[in-house]
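Dear colleague,

I am passing on the structure below, together with some notes on its charged pairs and its domains. Please look through it with these notes at hand.

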Amino acid sequence: MKQKIVATAFAAMTLMGGMASAEVLRIGVEGAYPPFSQKEADGTLTGFDIDIALALCAQMDRECELVEQEWDGMIPALIARKYDAIVASLSITEDRKKQVDFSEKYYFTPSRFIAKEGADFELTPEGTKGLKIGVLRGTTLQCHVEKAFPDADLRLYNTQEDVFADLATGRLDLQLNNTLGAMDGFLNTEQGEGFAFYGDDVDDPECLGEGMGIAVRKGDPLADEFSAAIRAIREDGTYAGINDKYFDVDIYGK
């Protein structure tokens, strides 16, 4: 199944000021993928990705503006110069490298399916035939399901919150997600009661990539600047402080 990706409207919110650089660095974020990015009741953007973005801006001594963007328009909006970089749990894959450049990874976590406790599916092309599987549109997870389970009834969503809602109400049989996002955003919540991980970690580097990186336009030296800033906040303890605010384990990976 081939999906057309269309850039959507976005809203900008300036969250940092007073930095030395005269040019504002615009960062594309999502705001609907807890605990990495979410919007509080007062409209404030919070989450691991948000804190990492702000910490990197501080390390680079840049004034930054966070630009909220729906997921399936993330890369098109970057290419269209709506913002200068993406900090939104974007996996580094060979396919995406054809469109954008990436920093070094800033975290890596495996992906797993979620289903009702007691579910009895075979995670094979035959065993998933006709099963309703939900994933976020335009993600590496969509790539994996399309490749591994071509006869499943793949349902695509614009926000992770909508995926969880349909899983909870029985409109989906399975959902594939980042393990930490699944735990904090669903399994450890009241909405996720009666659900559990199903099967092993997904092993598909072709689709799932080599970790989450910061995307910039092709040829932009910002990729190297972000990589240096990632290394710096890892070394000075800033990264650990942000990590421990949201997770019980170091999600940077190996």
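Asp84 counts as buried, because its relative accessibility of 9% falls under the 20% limit. Please keep in mind that this is a predicted model. Asp84 forms a salt bridge with Arg26, with the closest N and O atoms 3.0 Å apart, and this pair links distant parts of the chain, since Asp84 lies in the loop between helix H2 (74–79) and strand E7 (85–91) while Arg26 belongs to strand E2, 58 residues apart. Arg26, for its part, is partly exposed, at a relative accessible area of 25%.

A second pair is that of Lys245 and Asp51, whose closest N and O atoms are 2.9 Å apart in a salt bridge. Lys245 sits in helix H9 and Asp51 in helix H1, so the pair ties together parts that are 194 residues apart in sequence. Here Lys245 is exposed at 57% relative accessibility, whereas Asp51 is buried at 17%.

Asp166 and Arg171 also meet through their side chains in a salt bridge, at 2.7 Å from N to O; Asp166 is buried, with a relative accessible area of 15%, and Arg171 is partly exposed, with 44%. Salt bridges with shared partners also join Arg26, Asp84 and Arg217 into one network. The structure holds 16 salt bridges.

As for the domains, the assignment gives domain 1 (25–108 + 210–246) and domain 2 (111–208), with 24 Å between their centres, taken over C-alpha atoms. Together they bury about 1300 Å² between them, 54% of it on carbon and sulfur atoms, and one salt bridge is found across their interface.

Best regards

Definitions and conventions. Residues numbered from 1 in each chain as written. Predicted model: local features only at pLDDT ≥ 70, side-chain atom pairs only at ≥ 80, totals over all residues. Heavy atoms only, no water. Domains from an automatic or database assignment. Buried area = accessible area lost by both parts, 1.4 Å probe. Salt bridge = Lys/Arg side-chain N within 4 Å of Asp/Glu carboxyl O. Helix = DSSP H or I, 4+ residues; strand = E, 2+ residues; numbered from the N terminus. Buried < 20%, exposed > 50% of the residue type's maximum accessible area, 1.4 Å probe, protein only.
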